[in-house]
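Me: I have this model open and would like to talk through how it is put together. Could we start with the strands and then move on to the rings and helices?

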Amino acid sequence: MEKATFAGGCFWCMVKPFDQWDGIESVISGYMGGHVENPTYEDVKKGDSGHLEVVQIQFDPTIFTYEQLLEIFWQQIDPTDDGGQFQDRGESYKTGIFTHSDKQVELANKSKQALADSGRFSKPIVTPIRPAETFYIAEDYHQDYYKKEPDHYAEDRAMSGRDEFIQKNWKK
């Protein structure tokens, strides 16, 4: 098993796209990248902990590759927005790829360059690629939120603008 860690704005919206594939062992919501030890959701939400909301994925690379995970990741976010994602604004909602190995660094950089070269977006791709740091698991009520609270999840996602962006930019 390997790990992949992605920040794509609100972690509620980042679980389901990864959670439905063979070879994905788990998708855990949490926090990474900041300076506060054992942060709470409230610490991160305030925006001064330095942490981003992330999903950490345990996967079997012989069944589902890191390159496939990157492809899914890019199609969930606006990689040109460095102020947050969709309705969620601020530091904790910024995007990022946290790498766990030199190979992941290489593949992430390659995929980011391919996206930049594709001409899909007129603005620069600003999603940073950073070494993974300590992963802090989010509170239990955030885990598998789309399953636990399907109505609220659907309502929040519908209001976010994420689906419209995906439809406009990725479903061509």
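This is a predicted model: local features need pLDDT of at least 70, side-chain atom pairs count only at pLDDT 80 or more; totals for chains, interfaces and linings use all residues.

Me: How many residues of β3 are buried?

Reply: Strand β3, residues 52-59, is mostly covered, with 7 of its 8 residues buried.

Me: OK, what is the strand order in the whole sheet?

Reply: The sheet is open and has 6 strands, in the order β7-β6-β1-β3-β2-β8, with mixed pairing. The edges are taken by β7 and β8 (136-137), each of which has a single partner strand, so one side of each is left without a neighbour in the sheet.

Me: Is β6 buried or exposed, and what about its two faces?

Reply: Strand β6, residues 95-99, is mostly covered, as 5 of its 5 residues are buried. In a regular strand, side chains alternate between the two faces of the sheet. In β6 both faces are covered, with T95, I97 and T99 buried on one side and G96 and F98 buried on the other.

Me: Which helix lies across β1, β2, β3 and β6?

Reply: That is helix α3, residues 66-74, which runs at about 10° to β1 as it lies across those four strands.

Me: Switching to rings, how many aromatic pairs are there?

Reply: A search of the whole structure gives 13 aromatic pairs. One of them joins F11 and Y31, whose ring centres are 5.8 Å apart and whose planes are at 45°, so the pair is tilted. This pair links distant parts of the chain, since F11 sits in the loop between β1 (2-8) and α1 (12-15) while Y31 belongs to strand β2 (residues 24-32), 20 residues apart. Both F11 and Y31 are buried.

Me: What is the geometry of the W12 and Y145 pair?

Reply: W12 and Y145 are stacked, at 3.7 Å centre to centre and with 5° between the planes. W12 lies in helix α1 and Y145 in helix α5 (residues 145-148), so the pair ties together parts of the chain that are 133 residues apart in sequence. W12 is buried, with a relative accessible area of 12%, and Y145 is buried as well, with a relative accessible area of 9%.

Me: Which rings make up the cluster?

Reply: Ring pairs link F6, F18, F59, Y66, F73 and W74 into a cluster.

Me: Next topic, how do α6 and α7 pack?

Reply: Helix α6 (residues 150-160) and helix α7 (residues 162-170) pack at an angle of about 55°, with their axes 5 Å apart. That angle makes α6 oblique to α7.

Me: And which residues meet there, sorted by class?

Reply: From α6 there are R157, A158 and S160, and they meet R162, D163, E164 and I166 in α7. Sorted by class, the contact has 2 nonpolar, 1 polar and 4 charged residues.

Me: Where do they sit, and are they buried or exposed?

Reply: F86 lies in the loop between β4 (84-85) and β5 (88-89), and at 16% relative accessibility F86 counts as buried. D144 is found in the loop between β8 and α5, and at 27% relative accessibility D144 counts as partly exposed.

Key
Residues are numbered from 1 along each chain as its sequence is written. Side-chain values use heavy atoms; hydrogens and water are left out. Rings of Phe, Tyr and Trp (its six-membered ring) pair if their centres lie within 6.5 Å; planes under 30 degrees apart count as stacked, over 60 as edge-to-face and the rest as tilted. Buried means under 20% relative accessible area, exposed over 50%, partly exposed in between (1.4 Å probe, protein chains only). Axes are lines fitted to C-alpha atoms, for helices over the stretch in contact, and angles run from 0 to 180 degrees between N-to-C directions. Angles under 35 degrees count as roughly parallel, over 145 as roughly antiparallel, 65 to 115 as roughly perpendicular and the rest as oblique. Contact means heavy atoms within 4.5 Å. Ala, Val, Leu, Ile, Met, Phe, Trp, Tyr, Cys and Pro count as nonpolar, Asp, Glu, Lys and Arg as charged, and the others, Gly among them, as polar. Two strands pair if DSSP finds at least two bridges between them.
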